[in-house]
Amino acid sequence: MSDLSLLMLGVLTAGQTSPPHNLPDPPVIHSGSGVYQLTEENLSPNSPSPEITPPEFVQPDNTSETIAAPVNDKYQNLLNKIHKNNSWQNSVNQDSQPLAETTPQLSQSVQLLIAPESPAVPEFSETSESDDQMSQVTSVSQLDDVQPTDWAFTALQSLVERYGCIAGKNENYIGNSAVNRYEFAYSLNVCLNHIQELINKNQANSVSQAELDQIQRLQTEFQTELQEVIQRIDVLENKNVELKSHQFSTTTRLFGQAIFSLQGTNTTNVDLFPRDGIPERQGKTSLTFTNSVQLTLATSFTGKDLLITGLSAGNLGSNASLVSHNMGRLSFESNTDNQVVLNDLSYRFLLADNLGVVVGSAGVNAATTFRGINPLEGSGDGAISQFGQRNPILNIGSGTGGIGFDWEISDRISLQGVYSSEIPSFPGNSNSAGLFGGRYSAGAQLTLAPTNNLDIGIDYIYSHSPNDLLGTGIGDAQLISPFAPSTAFNTHAVGATVAWRVNDNLQLGGWGGFSSSKPVNLSGSVETANWMLFAALPNLGRAGNLGGILVGQPPKITSSNLPDGFNFPNFSNGGTPGGRNDTSLHVELFYRAQLNDRLSLTPGLLVVFNPDHNAANDTLIVGALRAAFRF
């Protein structure tokens with residue numbers, strides 16, 4: 001395993017792993033070797049904000065009274081600002097995911113730590129489309145090979161042995177292997193240059209006339225090939241000078257993703273108060289054309305560390321407030337009013353060859369630290385919905401800054417852990433924010449690859465919330481009635497994700513999650529559950545394309561036994577205990593057409609039956625067309 005491979009997870013794709021081997025954009029993990037390929041895209045994504053966007057509650061009668069919990073204005077303003085800046089969804093990787101599919105491959109193992117790639121050394125047996133000087137070189141398969149028994153081969157070998165002008169693989173001459181004429185000419189050119197240096201230094205007085213005759217004969221025999229080799233060397237040297245003069249940094253690499261999208265929803269009747277089953281509102285979003293841009297600077301100081309700086313900007317906001325629930329949210333939301341915000345500032349380094357650590361004030365959470373299992377994760381190249389990115393329990397806590405690790409126990413077993421705070425920079429009331437105050441979470445994931453085509457992630461999350469928001473960003477994220485005073489909650493959540501690569505063109509999998517939240521100052525608890533099944537169809541229609549099918553249930557309150565008046569499922573009927581009576585069903589289809597190495601076009605359709613877990617609500621249909629450019 002390469003020691004430059006730990007802790008890049010989620011930088012480009014928020015935890016991308018295990019996509020099929022031929023799926024180009026998302027990061028790929030070969031289960032048998034525990035190797036991650038970075039993707040995605042997910043350019044250092046942050047967890048979604050705990051958006052619930054409760055309906056615009058209207059007093060059903062004059063006897064009801066809404067009790068608002070006291071709010072620290074300074075904390076609330078900062079909280080709103082943080083949520084606005086971090087509202088875009090990934091990711092490592094991402095993805096990768098993660099910059100997974102189209103983002104350059106940065107490492108060949110666990111994908112947690114990398115160093116900038118070294119420039120590739122060109123091989124003379126291959127031609128470059130951009131090398132005009134070599135455009136006339138015939139394919140190697142069409143050349144007459146130079147055999148070890150040829151006079152030229154023997155003559156050059158004697159010069160190599162006499163003058164030490166080695167030109168071959170692994171510091172050895174090509175030995176008894178046949179070579180094509182251009183490879184031979186390259187070796188001859190190296191030897192001639194070496195002999196010329198010796199002559200210039202008056203160190204080759206012993207060169208015999210017979211050897212000079214051999215050199216002249218070799219030059220005559222391979223004159224054409226020598227000339228073309230020299231021309232190509234000149235071209236490469238000129239390009240090298242140009243690259244150095246325009247080089248941004250010797251230690252920093254820039255990755256980026258730009259998304260342009262069209263999206264809209266149908267018109268739906270919405271039942272705000274489930275007690276009567278009568279819709280009170282109509283929800284619809286206009287057709288919009290929006291953008292989202294993410295830039296990531298990856299800097300290595302020692303070759304075994306990585307400083308990640310992530311910037312983002314965009315103007316696609318959530319449609320939750322317009323449709324009165326959050327089940328139609330998209331994966332590429334980026335509501336910053338096109339203002340550039342810092343969404344990742346983290347430092348990743350190795351404590352050992354198999355142990356990577358990440359610490360940062362932004363971009364450190366479960367989504368960016370845990371290894372992703374879902375091959376359809378990725379805001380630019382994966383599922384179009386937020387729910388389709390990953391198990392929602394990984395978003396609990398809405399963490400931004402903290403510390404995490406990835407420990408590769410063996411080729412098939414690894415353990416990740418993370419502690420993350422929502423607003424680690426707030427120095428005020430310790431109950432509202434700070435590293436160990438406000439909303440924070442801690443969790444671990446055991447990642448298993450029992451076979452070469454099966455990946456499993458088992459998750460546990462603990463979270464403390466100063467209010468009644470769970471923080472999943474999708475489904476039932478509010479824990480108590482909006483008519484009850486807010487209170488703090490402690491949550492324990494468990495879940496698992498499985499991905500099975502049936503073959504290079506089909507991958508099946510799914511996830512399930514369960515959470516139990518207990519209020520700090522009340523009796524009882526609130527339990528939620530979610531599940532998803534998915535199918536990934538790489539190379540659908542053409543190599544590099546990707547089809548996706550997802551069917552699942554967004555987080556749903558299955559049980560709530562808080563005191564009367566506090567239970568959310570029955571908030572409009574006295575807040576009595578009980579779970580949701582109805583169940584939402586999320587169905588999603590998308591098809592990513594990879595137009596070239598940098599550009600992809602993805603039409604997608606998202607349908608939610610019984611949205612907001614209420615059969616009285618009309619079916620929600622969300623259509624989107626996403627164009628993603630990676631560089």
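Reader: In this predicted model, is Asn539 buried or exposed, and what is its relative accessible area?

Author: The model is a predicted one. Asn539 lies in the loop that joins β17 (526-538) to β18 (546-560). Buried means under 20% relative accessible area. Asn539 falls in that class because its relative accessible area is 17%.

Reader: What is the phi of Asn539?

Author: Asn539 is a residue other than glycine, yet its phi is positive. The value is near 60°.

Reader: Is His613 buried or exposed, and what is its relative accessible area?

Author: His613 belongs to the loop between β20 (599-609) and β21 (620-630). Its phi is positive, near 55°, in a residue other than glycine. With the limit for buried residues set at under 20%, His613 counts as buried because its relative accessible area is 2%.

Reader: Which helices do the buried residues of α2 pack against?

Author: The buried residues of α2 are Ala152, Phe153, Ala155, Leu156, Leu159, Val160 and Tyr163. They lie on the same side of α2, because the arc they cover around the axis is only 165°. In an α-helix there are 3.6 residues a turn, so residues three or four places apart point the same way. The buried residues of α2 pack against α3 (181-200) and α4 (209-221).

Reader: How many Å does helix α2 reach from its first C-alpha to its last?

Author: Helix α2 spans residues 151-163 and has 13 residues. At 1.5 Å a residue, the expected reach is 18 Å. The reach in the model is close to that expectation, at 18 Å.

Reader: Which residue follows α2, and what is its phi?

Author: The residue that follows α2 is Gly164. The phi of Gly164 is positive, near 65°.

Reader: What is the area of the nonpolar surface patch that includes Phe289?

Author: Phe289 is placed in strand β6 (residues 288-299). Exposed means over 50% relative accessible area, and Phe289 is exposed because its value is 59%. Phe289 makes the patch together with Phe260, Leu262, Leu287, Leu595, Leu601 and Leu625. The area of this nonpolar patch is about 680 Å².

Reader: What distance separates the C-alpha atoms of Ser425 and Leu435?

Author: Ser425 is located in the loop between β12 (413-421) and β13 (440-451). Ser425 counts as exposed because its relative accessibility is 59%, where exposed means over 50%. Ser425 and Leu435 are ten residues apart along the chain, and their C-alpha atoms are separated by 7.2 Å.

Conventions: Residues are numbered from 1 along each chain as its sequence is written. This is a predicted model: local features need pLDDT of at least 70, side-chain atom pairs count only at pLDDT 80 or more; totals for chains, interfaces and linings use all residues. Side-chain values use heavy atoms; hydrogens and water are left out. Helices (H or I, at least four residues) and strands (E, at least two) are DSSP runs, numbered from the N terminus. Buried means under 20% relative accessible area, exposed over 50%, partly exposed in between (1.4 Å probe, protein chains only). Patches are made of residues with over 30% relative accessible area and no salt bridge: like charges are joined within 9 Å, nonpolar side chains (Val, Leu, Ile, Met, Phe, Trp, Tyr) within 5 Å. Accessible areas come from the Shrake-Rupley method with a 1.4 Å probe; for residues, only the protein chains shown count as cover. A salt bridge is a side-chain nitrogen of Lys or Arg within 4 Å of a carboxyl oxygen of Asp or Glu. The expected span of a helix is 1.5 Å times one less than its number of residues. The arc is that of the directions from the helix axis to the C-beta atoms. Contact means heavy atoms within 4.5 Å.
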